[in-house]
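Please work through the exercises below with the sequence and the model at hand. Each task is followed by a solution in steps.

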Amino acid sequence: MTQLSVNLNAVAQLRNRRNLPWPSVVGLARIVLDAGAVGITVHPRPDERHIRRTDVFDLVNLLRAEYSSAELNIEGYPTEAFLDLVSAANPQQVTLVPDAPEQATSDHGWDFIADREMLTRVVGDLKSHDRRVALFCDPDAGVDQIAAAKAIGADRVELYTGPYGSCFDNPDAAIQSLSDLADTARAAHAAGLGINAGHDLTLGNLPAFVASVPHLDEVSIGHAITADALTLGFAEAVRKYLGALQA
Ligand SMILES: CC(=O)[C@@H](O)[C@H](O)COP(=O)(O)O
Ligand SMILES: NCC(=O)COP(=O)(O)O
């Protein structure tokens, strides 16, 4: 079965509205792992607008102390600062993403041919420390790009599903997008790569995605799970506050 890693960026972003420790990234990680997710994903940005360096180490300590079989997946662009963080945190999986520092969110995969030299060096170093490495990949990457990802030494690609998420309400576009993603997944599998996927996956678009795209090892989902958790939990929270007013 495809595994779920829950991205806690949005929880951290909500926490950062105030100088307060809630919602707690570690507390939510516990809930996520107790509910059956295989692991936690974080994508620390250089400006720490959501996940902070300290969150990464708090999560490492939680997993070490209470969830030894859970996985931490750290995503990011391989700057020296990012690679130092990875080296200190020692996560099971690192996902390299070609995001500029000021980028609002991830919006494309690597050009594995153009960036081959740098990625080969970085992936080789990560692999020498026994980390699983995934490379963020365009949903319609052709076989030449996939062959280059394999030659770079990656273990997996992470299919960028943002375009699928944004066209899901248009059936023709969604079918085409799923077909592109499925072709890329087949090419990656044939090349010996594992397959992760993520970005804008939702409760609504996930069933068609997993039914259409073969060989999926893992999806990472954050924004929609956080939004759904608010919707599913708000009424209960309001009831508790009304109860507190009567106490
Ligand atoms: C790599 C990826 O797909 C992104 O979804 C990323 O992890 C999310 O980053 P933000 O939470 O900063 O938008
Ligand atoms: N790698 C994708 C991810 O971690 C979560 O993306 P999103 O669900 O927040 O869009």
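The exercises concern two ligand shells and two residues. The model is predicted, so local features need pLDDT of at least 70 and side-chain atom pairs count only at pLDDT 80 or more, while totals for chains, interfaces and linings use all residues. Residues are numbered from 1 along each chain as its sequence is written, and chains are lettered from A and ligands numbered from 1 in the order in which they are written.

**Exercise 1.** Describe the surroundings of ligand 2.

Step 1. A residue belongs to the shell if its C-beta atom, placed from the backbone, lies within 6 Å of the ligand. Among the residues around ligand 2 are Asn7, Asp200, Gly222 and His223.

Step 2. Strand E8 (218-221) and helix H10 (223-246) each contribute at least two shell residues; helices (H or I, at least four residues) and strands (E, at least two) are DSSP runs, numbered from the N terminus.

**Exercise 2.** Is aspartate 200 buried, partly exposed or exposed?

Step 1. Buried requires 20 or more other C-beta atoms within 10 Å of the residue's own, exposed 12 or fewer, and partly exposed lies in between; C-beta atoms are placed from the backbone.

Step 2. Aspartate 200 has 19 such atoms within 10 Å and is therefore partly exposed.

**Exercise 3.** Locate histidine 223 and find what it touches.

Step 1. Histidine 223 lies in helix H10.

Step 2. Not counting residues up to four places away in sequence, histidine 223 touches Ala10 and Asp200; contact requires C-beta atoms, placed from the backbone, within 7 Å.

Technical notes. Two residues are in contact if their C-beta atoms, placed from the backbone, lie within 7 Å.
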